[in-house]
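Colleague: Could you take me through the metal site in this model, slowly and atom by atom? After that, please carry on to whatever else in the fold you think deserves a look.

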Amino acid sequence: MLSLALIACASKQLKLEDECVYSPQKTQFAFWSNVAEQMEVRIYEQSDDVQCTKVVPLTKGENDFWTATVKGDLVGKYYTVRSFQNGEWAPEAPGIFAKAVSINGQRAAIIDMNATNPEGWENDVRPAMPDMTDIVVYETHMRDYTMSPNSGIEHKGKFLGMVEKPAINHLKELGITHLQILPMFDYGSIDETTLEKNRYNWGYDPVNYNAPEGGYSSDPADPACRIREAKMMIQAMHANGIRVIMDVVYNHTYDVMGCALGRVVPQYFYRLNEDGTYANGSGCGNETASDHEMMRQFMVESVCYWAREYHVDGFRFDLMGIHDQETMNAIRAALDEIDPTILTYGEGWAAMSPAYPYEDLAMKQWTYKMPRVGAFSDDIRNALIGSPFDHERGFASGNGACKQALMNGLVGCIGFEDPNGQLGAEPLCWSGEPMQHVSYITCHDNYCLRDRIAVSAAEESEATQLRMNKLAQTAVLVSQGMSFIYGGEELFRTKLGIDNSYQSPDSINIIPWENQIAYADLYEYYCQLIAIRRAHKGFRLGCAEAVKEHVEFIPTDNEHLIIYRIKNLEGIDSAKSLLVLLNGGPEEATVAMPAAEGNYVVLAYDGEANAAGLDFASHEQETVKPYSATIIAEYPQPEE
Ligand code: CA
């Protein structure tokens with residue numbers, strides 16, 4: 001029996017993440033290829049040595065994994081792998097699961113991962129998340145957030161900048177729960193050897209998926225440094241009650257032959273057109289093939305690795321519509337085994353047509369088939385501020401034609417059949433549950449909110465544009481979907497009319513911290529909106545059945561007015577009911593309150609908001625000023 005147990009142990013199924021398992025006594029290598037005729041690992045003393053010091057042939061074993069064990073202590077050395085097929089050697093590359101890399105990610109590094117843990121890492125835990133509907137996501141790029149001379153942050157453009165007090169205090173003051181950071185895995189568009197040139201890129205050009213980007217570390221030439229500092233950033237957020245979401249870009253690579261996925265197993269990880277060329281659903285020259293077994297496994301293992309090793313709390317999938325539904329459901333199941341509160345959502349679309357059957361892809365339309373995987377709602381976005389494909393106005397900037405689409409967005413596109421018939425015969429229906437509907441108006445893509453309103457409502461004064469801005473964000477934060485805010489909107493950021501700033505200079509992309517004073521009124525409004533949402537469960541009922549039970553839209557002939565009511569909230573909210581009046585038109589509107597005897601507290605009115613209540617007497621009729629929201633909470637009558 002003992003010998004059988006030993007055999008079982010020896011044939012433990014290898015995973016892609018077992019690529020390089022280091023100990024001071026030996027290093028074990030394992031790489032997958034189903035087409036190689038030979039494979040070898042090449043060991044280098046230095047990251048930039050021309051000649052390797054050792055070539056280690058790999059032996060093919062079970063499930064197409066090629067393995068070797070090298071005795072001795074290899075710490076501090078570097079490796080690449082290369083494979084031989086069809087009569088030639090493919091170019092060498094770090095393995096597809098390189099966890100530590102040299103400058104610019106050209107070679108994998110052999111390090112002791114335990115030595116990358118910052119002080120106190122063993123005590124790092126995800127902040128408690130007793131109610132998932134509390135989520136308010138704040139998206140930012142670390143350079144946008146830290147580079148301004150007015151940021152008060154010393155380590156500009158670095159993981160360590162996010163650890164500093166001014167960086168964290170702002171997020172705490174806003175009251176957000178999750179920080180979503182633009183790509184922080186190793187990407188290719190910034191030369192890590194010339195960081196002093198201060199070039200900017202969003203980073204949607206993956207090179208090594210399982211190592212952090214060197215440009216954000218204080219020493220990209222030290223493979224452990226970027227790992228330690230990425231962990232320090234997450235640790236600091238966790239210590240302050242904030243969860244961290246990673247933006248992951250598995251749908252394409254920077255290029256094909258310059259990265260490990262393309263080199264180590266040629267073509268396998270990508271979808272091909274019938275003529276043998278690379279399919280291009282990403283619009284970036286290639287698209288990966290999540291439907292291929294080992295690409296799916298790669299994605300599953302990769303997110304789990306970040307969740308376990310870095311304690312990442314959520315994943316935002318870039319162009320998720322390129323991936324297949326089965327993969328997204330497999331990712332969800334694997335993360336559930338680690339922690340079911342880890343978030344998953346993404347862009348339920350592709351840039352161009354993927355080379356895979358549409359009905360099997362993780363497109364927004366099929367969100368309901370992927371439980372607890374969310375999708376960005378272009379419906380509520382376009383309804384509020386207009387589509388990025390034109391310069392039209394949306395509901396918040398005066399376009400009454402968007403009213404019905406906005407009502408669908410307010411209830412999270414769950415197929416809501418309004419008892420008063422306000423959503424028409426075919427309400428939008430793509431999310432199974434409201435929290436799968438990511439409610440937002442802006443993100444890093446397209447115009448920021450200030451610029452969007454400025455181009456679509458150019459003839460309006462800045463004062464009116466500010467009203468539209470507040471109204472649009474109010475609708476997002478009272479929506480039953482998951483709230484998402486683009487970082488810097490609270491500071492009235494502008495990108496000077498640039499709607500694709502992926503490689504614009506810092507001067508375009510930085511958040512204007514000085515506006516916390518110059519536009520203090522707007523900043524305070526955003527803070528209070530978030531506080532109002534978090535204080536009232538009625539705005540985030542959490543499940544489709546509850547939305548159907550408690551929400552109604554009160555009929556009105558005014559195309560610029562939505563009367564959104566959440567009622568019968570006893571036992572759910574401190575308020576008995578919540579009434580939201582959204583006026584997207586230039587005229588003041590008046591609404592009769594549903595129950596005249598109520599104890600009403602006005603939470604928002606005429607561009608002001610206060611979660612504790614504005615200084616208003618109870619009203620029998622309520623007004624809503626042009627381009628603004630009125631929010632009224634009805635409380636039980638105090639005992640006589
Ligand atoms: Ca890089």
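**The calcium site and beyond**

Modeller: Happy to! Four residues coordinate the calcium ion at 2.2 to 2.4 Å: D186 (OD), Y187 (O), E192 (OE) and E213 (OE). Donors here are N, O and S atoms within 2.8 Å of the metal (3.2 Å for Na, K and Ca), and sites may look incomplete as water is not among the atoms. This is a predicted model, where local features need pLDDT of at least 70 and side-chain atom pairs 80 or more, while totals for chains, interfaces and linings use all residues. Residues are numbered from 1 along each chain as its sequence is written, and side-chain values use heavy atoms, with hydrogens and water left out.

Along the chain, the donors of the calcium ion show the spacing D-Y-x4-E-x20-E. E192 sits in the loop between β12 (185-187) and β13 (206-212), and E213 in the loop between β13 and α5 (223-239); they are 21 residues apart, and the pair links distant parts of the chain. Helices (H or I, at least four residues) and strands (E, at least two) are DSSP runs, numbered from the N terminus. Both E192 and E213 are buried (under 20% relative accessible area; exposed is over 50%, partly exposed in between, with a 1.4 Å probe and protein chains only).

Moving on to the helices, α15 (residues 520-535) packs with α12 (residues 462-478) at an angle of about 15°, their axes 10 Å apart (axes are lines fitted to C-alpha atoms over the stretch in contact, and angles run from 0 to 180 degrees between N-to-C directions). The two are therefore roughly parallel (under 35 degrees; over 145 is roughly antiparallel, 65 to 115 roughly perpendicular, the rest oblique).

Two backbone details to finish. R372, in the loop between β16 (343-346) and β17 (374-376), has a positive phi near 65° though it is not a glycine; at 43% relative accessibility, R372 is partly exposed. Y627, another non-glycine, has a positive phi of about 45° and lies in the loop between β26 (621-624) and β27 (628-635). With a relative accessible area of 8%, Y627 is buried.
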